[in-house]
Amino acid sequence: MMSARLLKAALLAAAIGGTMIAGGARVEAASFTSCVGTGYDISGYVSGATGCTIGSQNQDFLNTNPITVNEAPGYFGFTDWVYIMRDDLPDGAGQTGTYNVGNALAQYAAVMLIFKDGSDTTLVGYTVGTATGTWQSPFVEPPFDFTGSGPRNVSHISYYGRGVGPDPDPGPVPEPATLAILGMGLAGLGMVARRRRRA
């Protein structure tokens with residue numbers, strides 16, 4: 001059995017080396033690459049996109065702590081993404097399609113789509129500013145280097161949100177007559193309080 005001192009030393013070494021231990025396996029800390037580079041630009045592959053990044057992870061695990069998209073430094077620099085839902089695409093249907101985030105833009109400050117393929121690719125994330133839009137597979141050469149021709153089919157798209165969004169139902173707006181009545185009531189209370197002080 002490993003002593004407490006050896007365990008602390010191992011954890012410290014893992015932290016210094018930029019790795020962490022999750023479920024008994026060593027996992028490299030997340031890193032990110034630009035969606036625009038030498039000979040490629042996949043930033044416009046999702047309509048309504050406000051940001052794009054290529055992650056170093058090839059799986060979007062939800063059963064790890066943290067979940068894949070929240071591994072430091074996190075997609076788009078945030079580690080508080082919350083899973084919303086997932087679109088699994090049928091075989092052969094992963095080249096182009098549409099997305100629909102429903103009312104997530106009203107519930108969250110930011111909404112992100114994570115695109116997943118298979119071998120020889122990693123996750124690609126897009127933040128979006130529209131509830132619906134179109135997409136095409138971002139798994140092309142370059143930035144990816146895979147055997148055979150591309151683009152590769154998208155396996156699934158996972159939707160995530162973060163932060164508190166605008167209140168979708170702020171409640172009724174007071175009408176001018178209501179405000180006038182309220183103002184007269186407050187003025188009346190002020191006059192009563194002034195009379196009591198004099199007496």
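Colleague: Are Asp 117 and Arg 152 buried or exposed?

Modeller: Both Asp 117 and Arg 152 are buried. Please note that this is a predicted model, in which local features need pLDDT of at least 70 and side-chain atom pairs count only at pLDDT 80 or more, while totals for chains, interfaces and linings use all residues. Residues are numbered from 1 along each chain as its sequence is written, and side-chain values use heavy atoms, with hydrogens and water left out.

Colleague: Why is Arg 152 called buried?

Modeller: Buried means under 20% relative accessible area, exposed means over 50%, and partly exposed lies in between, with a 1.4 Å probe and protein chains only. Arg 152 has a relative accessible area of 17%, and therefore counts as buried.

Colleague: What makes the contact of Asp 117 with Arg 152 a salt bridge?

Modeller: A salt bridge is a side-chain nitrogen of Lys or Arg within 4 Å of a carboxyl oxygen of Asp or Glu. The closest N and O atoms of Asp 117 and Arg 152 are 3.6 Å apart, and the pair forms a salt bridge. This pair links distant parts of the chain, 35 residues apart: Asp 117 is in the loop between S9 and strand S10 (124-128), and Arg 152 is in the loop between strand S11 (132-136) and strand S12 (156-162). Strands (E, at least two residues) and helices (H or I, at least four) are DSSP runs, numbered from the N terminus.

Colleague: Which residues are linked with Arg 152 in a network of salt bridges?

Modeller: The network links Asp 117, Asp 120 and Arg 152. Asp 120 also forms a salt bridge with Arg 152, with closest N and O atoms 3.6 Å apart. Asp 120 lies in the loop between S9 and S10 and Arg 152 in the loop between S11 and S12, so this pair ties together parts that are 32 residues apart in sequence. Asp 120 is partly exposed, because its relative accessible area is 42%.

Colleague: How many salt bridges does the structure hold?

Modeller: The structure holds four salt bridges. One of them joins the side chains of Asp 88 and Arg 86, at 2.8 Å from N to O. Arg 86 has a relative accessible area of 41% and is therefore partly exposed.

Colleague: How do you know that Cys 35 and Cys 52 form a disulfide?

Modeller: A disulfide is a pair of cysteine sulfur atoms within 2.5 Å. The sulfur atoms of Cys 35 and Cys 52 are 1.9 Å apart, and the two residues form a disulfide. The structure holds one disulfide. Cys 35 lies in the loop between strand S3 (32-34) and strand S4 (36-37) and Cys 52 in strand S6 (residues 49-55), so the pair ties together parts 17 residues apart in sequence.

Colleague: Why is this disulfide called left-handed?

Modeller: The torsion about the S-S bond of Cys 35 and Cys 52 is about -75°, so the disulfide is left-handed. Cys 35 counts as buried because its relative accessibility is 2%. Cys 52, with a relative accessible area of 17%, is buried.

Colleague: Why does Arg 198 count as exposed?

Modeller: Arg 198 counts as exposed because its relative accessibility is 70%. Arg 198 has its place in helix H3 (residues 176-198).
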